[in-house]
Amino acid sequence: MAFIFLFMRNYIVLIFCLQIGILNAQSLTGIYVLKPISGVGDSSELNEYSKIPDFYLYSYSNNKSNLEKISKGGTKIDTIKGTLKEYNFDYETIVTNIKPTKTSYYKNLEEKTFERVSVANEKEIYVKDKLPALNWTITQETKTIEGYLCTKATAEKTIVGYPLKLVAWFCDKIPINDGPFEYIGLPGFILEFGYQGLSTATFINLKYNPKENISIEPLKSTTKPMTIEEFEKSLR
């Protein structure tokens with residue numbers, strides 16, 4: 001009897017663990033397309049190089065996600081010509097555009113931490129910190145994105161000294177509390193995200209599998225990590 005009881009107990013524990021594994025097994029992949037709209041401050045006019053969208057490959061599984069830039073980056077120096085008609089004066093302005101050659105994000109949603117590794121002008125920057133907590137306001141406004149009914153949410157955040165309004169469209173039918181970059185905190189998956197008036201990231205090629213796990217690994221870097229605050233201070 002003791003043997004049968006022990007066997008049955010182990011069998012029940014095994015079944016329970018398998019059920020938990022099945023419940024946790026889900027994956028989501030796709031691409032965020034980041035389209036710039038305008039610059040910050042006085043740099044409101046974008047040249048053609050700046051208008052080119054960036055593409056980020058997104059993967060999620062088991063409360064972890066990875067976002068990796070797959071479009072080309074680099075530095076481009078443009079000469080912009082203009083005319084002041086009221087003064088009959090022509091002028092030229094040199095504009096330097098720098099797009100990182102590498103940008104990768106990793107999030108552990110259970111621990112609410114994230115990492116970002118970016119490379120620009122052959123310099124690697126490694127940020128490792130807690131995910132920022134935002135005070136989202138969920139509105140009644142809805143729209144359909146890629147066939148999914150989404151709800152609009154807004155929040156405010158100051159980045160490198162600039163107060164910005166964040167706009168997110170999330171789908172509560174996709175049971176994953178995540179979105180692009182370091183943004184989370186809504187009851188569903190963020191299919192569109194933007195810094196109002198500056199840029200918009202839209203999710204395409206969505207593939208959701210409720211019964212599959214994929215490997216999501218933390219980022220690797222030989223550079224000393226810095227916090228978000230330390231990184232923003234280095235930009236000022």
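View 1. Leucine 57 belongs to strand S2, residues 54-61 (strands are DSSP runs of E, at least two residues, and helices runs of H or I, at least four, both numbered from the N terminus). The model is predicted, so local features need pLDDT of at least 70 and side-chain atom pairs count only at pLDDT 80 or more, whereas totals for chains, interfaces and linings use all residues. Residues are numbered from 1 along each chain as its sequence is written, and side-chain values use heavy atoms, with hydrogens and water left out. At a relative accessible area of 39%, Leucine 57 is partly exposed (buried is under 20%, exposed over 50%, partly exposed in between; 1.4 Å probe, protein chains only). Phe55, Leu57 and Ile70 make a nonpolar surface patch of about 260 Å² (patch residues have over 30% relative accessible area and no salt bridge, with nonpolar side chains joined within 5 Å and like charges within 9 Å).

**View 2. The salt bridge between glutamate 141 and lysine 152.** Their side chains meet at 3.6 Å, N to O (a salt bridge is a side-chain nitrogen of Lys or Arg within 4 Å of a carboxyl oxygen of Asp or Glu). Because glutamate 141 lies in strand S9 (residues 137-145) and lysine 152 in strand S10 (residues 148-159), the pair ties together parts that are 11 residues apart in sequence. Glutamate 141 is partly exposed at 42%, whereas lysine 152 is buried at 19%.

**View 3. The salt bridge between lysine 143 and glutamate 192.** The closest N and O atoms are 2.9 Å apart, and the pair links distant parts of the chain, lysine 143 in strand S9 and glutamate 192 in strand S12 (residues 189-195), 49 residues apart.

Notes
Areas by Shrake-Rupley, 256 points an atom, 1.4 Å probe, with all protein chains shown as cover.
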